[in-house]
Amino acid sequence: MKVTSLFLLILPVLLFAQPEHTVLMYSDPLDSPGSTQFAEFTNRDGNFIAGKGWEATSNSSQLFIKVPEDLPDEGTFIINVTNFDPVSQHQDDKQQIINLYSQRNGSKEIFNTDGSWWNIRTGYPYSTGTGRAGFKFLAAARGIDTRDEERCIEDKNDWDINHQYEFKVVWTTDQIYCYLDDQLMSTLPFQGQVQHFQYIFIGTDNVYTAQPGPIYSNLRIYSTEEAIDAIDVSFSDVTKVYKAGGTVGYGHGVSFADVDQDDFYDIFVG
């Protein structure tokens with residue numbers, strides 16, 4: 001009985017243990033408009049503050065970041081936020097603060113495609129009463145017009161604009177997790193991801209408005225060597241997204257191999 005009891009105690013830990021993502025892929029302090037690590041870095045209606053980060057100054061503020069390559073099918077996204085208070089900074093029913101997409105548009109056009117996305121959102125509905133507020137975490141491994149979501153700490157009444165909060169999202173091929181200051185807030189299913197993440201929207205995601213006031217800094221994205229190696233060559237079917245589909249017929253074949261052994265793939269089109 002002692003062995004059985006010990007096994008039953010350990011089993012839940014084994015079933016729900018997350019992988020440790022320790023390989024740093026990208027990082028940026030977000031306190032200046034230039035970055036050598038990101039292919040695109042576009043500010044709209046926000047304010048860079050040297051040594052502090054990027055501030056969402058209005059409900060139209062957006063910091064758009066395109067990482068230079070697809071993110072792996074498992075990873076960890078971490079960002080720090082100060083001057084953050086969803087109680088006093090409420091201006092709308094739905095205010096986006098942090099978003100990650102597999103498609104550039106960052107909008108509802110991702111629905112009914114193979115796109116993937118997650119959002120962290122504040123707003124009037126995510127509160128249990130006056131002086132209290134929380135946020136909602138939403139995610140879809142494939143961007144059909146359904147998703148999983150969970151409201152988090154809606155009764156919190158002690159937000160501190162001087163505190164540096166840390167939001168962390170961890171995704172795997174099975175589940176996606178949302179943390180605030182290392183406390184697990186939500187666990188959602190996340191199976192069947194086809195398109196990998198690549199586009200970060202801080203503030204508005206082109207669907208809902210931004211929460212004005214927060215200052216975002218110290219963005220980091222981690223994964224594992226194995227997961228990074230697995231996406232060296234990957235493809236996404238974007239014919240539906242760009243309305244490029246047509247009659248299926250004969251086509252050319254394409255092959256990949258490092259023929260000259262220079263550690264780069266060579267492409268042969270038949």
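Visitor: Which side chain does the side chain of N43 make a polar contact with?

Guide: This is a predicted model, where local features need pLDDT of at least 70 and side-chain atom pairs count only at pLDDT 80 or more, while totals for chains, interfaces and linings use all residues. Residues are numbered from 1 along each chain as its sequence is written, and side-chain values use heavy atoms, leaving out hydrogens and water. A polar contact is a pair of N or O atoms within 3.5 Å; within protein, one must be able to donate a hydrogen and the other to accept it, and residues adjacent in sequence count only if both atoms are side-chain atoms. At 2.8 Å, the partner of N43 is the side chain of W54.

Visitor: Is N43 buried, exposed or partly exposed?

Guide: Buried means under 20% relative accessible area and exposed over 50%, with partly exposed in between (1.4 Å probe, protein chains only). N43 has 31% relative accessibility, so the word for N43 is partly exposed.

Visitor: Which backbone nitrogen does the side chain of N43 reach?

Guide: Look for a distance of 3.1 Å from the N43 side chain. That takes you to the backbone nitrogen of G46.

Visitor: How many residues does the largest nonpolar core have?

Guide: A nonpolar core is a set of buried Ala, Val, Leu, Ile, Met, Phe, Trp, Tyr and Cys residues joined through side-chain atoms within 4.5 Å. Among those with the most contacts inside the largest one are L30, W118 and I120. Its residue count is 44.
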